[in-house]
Amino acid sequence: MLWLTWRQHRTQLLVTLGFLAVLGGVLLVSGRIALDAANGHISSYCYGGGVPCRERDAGLEDLYQTIYPMIVILPFVPLLAGVFWGAPLLAREYERNTHQLAWTQSVSRGRWLGVKFGVLALCAALAGLASGQMFGRWLEIFPGKAETLAETSYFGAVGIAPAAWWLFAFALGTAAGVLVRKTLPAIAITVGVFVAASIALLILRPHYAEPVRTIGADPSARDGLIVDAGRVAPDGRELRLLDDVPECPRGRGMNACVEAAGYRDFTVYQPATRFWRFQLTEAGILLAATAVLGGIAAGGTVRRRR
């Protein structure tokens with residue numbers, strides 16, 4: 001079964017491996033170019049502080065903002081496992097009607113699916129871990145970008161979360177293939193559900209833990225995930241930052257006027273120190289969904305007569 005799995009899926013596996021190799025090469029080259037452009041020579045650290053370090057950090061930030069549009073697509077890379085590995089896994093067997101031959105041999109349906117699903121799921125997890133580690137090391141070049149909750153656009157592409165996303169996408173594609181028995185509709189379902197899940201967890205992420213509420217300036221909120229922010233009036237009412245303050249017309253000096261009138265800013269946020277806690281939480285949610293989808297795929301395969 002292992003040899004059969006390799007023979008049938010080696011193209012997808014090799015293409016994905018090649019993609020990860022290219023991605024790693026691009027990250028490596030761009031990272032070294034970023035360091036070179038920022039401070040004139042290849043160095044991973046800035047010693048001594050002062051103006052040179054501030055100029056280096058500013059240069060890196062400019063480069064980061066230049067390539068940011070490409071960064072935001074990284075959380076959707078796990079779709080490779082769903083579209084090219086999961087969706088065709090069973091849907092292609094049904095389309096070609098080869099499942100009747102494969103499942104009437106000495107190997108049972110359960111073992112056939114278990115080996116194929118298990119091997120590809122393991123490969124998906126390893127691919128996710130590899131991509132997360134490469135991207136995480138690359139982010140360390142840019143000040144304040146690694147292990148932060150502020151950048152929600154790529155939270156699922158760094159750390160251990162990518163492994164869970166790859167597994168989820170693969171199981172989703174497999175379950176879709178079992179349910180519709182057609183490759184192209186299974187791919188469409190996989191893409192649609194994956195995007196919906198990404199949006200749902202993006203909305204849910206600020207609520208993985210009870211947020212911290214602080215009054216006044218709090219340096220810890222800078223790299224954290226802001227849940228809410230506003231002002232507290234002298235009578236205890238909460239206002240949004242954009243709400244008008246009757247005593248202070250908009251314009252220069254408004255902030256000083258607001259403070260003098262007794263209003264205080266408040267911030268509700270998830271501190272950056274919870275980064276790995278949130279990574280584990282998101283991975284747990286996705287692994288639970290993966291288990292459900294795997295059960296759907298297994299049940300739909302083993303129990304069906306044809």
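What follows is a set of questions and answers on this predicted model.

Q: What makes up the secondary structure of the chain?
A: The chain has nine helices and four strands. From the N terminus on, the elements run α-α-α-α-α-α-α-β-β-β-α-β-α.

Q: Why is Leu113 called buried?
A: Buried means under 20% relative accessible area. Leu113 has a relative accessible area of 6%, so Leu113 is buried. Its place is in helix 5.

Q: How do you know that Leu113 is in contact with Ala297?
A: Contact means heavy atoms within 4.5 Å. Leaving aside its neighbours within four places in sequence, Leu113 is in contact with Leu90, Gly118, Ala297, Ala298 and Thr301. Leu113 and Ala297 are 184 residues apart along the chain, and their C-alpha atoms are separated by 8.9 Å.

Q: Why is Arg181 called partly exposed?
A: Its relative accessible area is 26%. Buried is under 20% and exposed is over 50%, so Arg181 falls in between and is called partly exposed. Arg181 is found in the loop between helix 6 and helix 7.

Q: What makes the phi of Arg181 worth a remark?
A: Most residues other than glycine have a negative phi. Arg181 is not a glycine, yet its phi is positive, about 60°.

Q: How much of the chain is buried?
A: Of the 306 residues in the chain, 43% are buried.

Q: What makes the largest nonpolar core a core, and which residues have the most contacts inside it?
A: A nonpolar core is a set of buried residues of listed nonpolar kinds, joined through side-chain atoms within 4.5 Å. The largest set of this kind has 58 residues, and those with the most contacts inside it are Phe135, Trp138, Trp165, Phe168 and Phe170. Helices that each supply at least two residues of this core include helix 1 (2-39), helix 5 (109-139) and helix 9 (275-302). The largest share, 12 residues, comes from helix 6. Apart from this core lies another, of seven residues, among them Leu239, Met254, Val258 and Tyr263.
In soluble globular proteins, nonpolar side chains tend to be buried together.

Q: Which residues are in contact with Trp138, leaving aside its neighbours within four places in sequence?
A: They are Leu27, Ser30, Gly31, Ile67 and Ile71.

Q: How do you know that strand 1 and strand 4 pair?
A: Two strands pair if there are at least two bridges between them. Strand 1 and strand 4 (residues 264-270) have four bridges, so they pair, in the antiparallel sense. Within strand 4, Tyr269 is the bridge partner of Val212, and Thr267 stands opposite Thr214.

Q: How many bridges join strand 2 to strand 4?
A: Seven bridges join strand 2 (residues 225-232) to strand 4, and the two run antiparallel. Leu225 has Gln270 in strand 4 as its bridge partner.

Q: What is the order of the strands in the open sheet?
A: The four strands stand in the order 1-4-2-3, with antiparallel pairing. Strand 1 (212-215) and strand 3 (238-240) are called edge strands, as each pairs on one side only. Neighbouring strands of this sheet are turned by 35° against each other on average, direction ignored.

Q: What makes strand 4 mostly covered?
A: Five of its seven residues are buried.

Q: Which residues are closest to the centre of the second largest pocket?
A: Leu23, Val26, Leu27, Met70 and Leu74 are the closest of the 14 residues that line this pocket. About 320 Å³ of space lies in the second largest pocket. Helix 1 gives the most to the lining, with six residues.

Conventions
Residues are numbered from 1 along each chain as its sequence is written. This is a predicted model: local features need pLDDT of at least 70, side-chain atom pairs count only at pLDDT 80 or more; totals for chains, interfaces and linings use all residues. Side-chain values use heavy atoms; hydrogens and water are left out. Axes are lines fitted to C-alpha atoms, for helices over the stretch in contact, and angles run from 0 to 180 degrees between N-to-C directions. Buried means under 20% relative accessible area, exposed over 50%, partly exposed in between (1.4 Å probe, protein chains only). On a 1 Å grid over the protein atoms alone, a cavity is a set of points where a 1.4 Å probe fits but cannot get out, and a pocket is an open set with protein on both sides within 12 Å along at least five of seven lines; lining residues have an atom within 4 Å of a point. Grid points are joined across faces, edges and corners, and a volume is the space filled by probe spheres set on the points.
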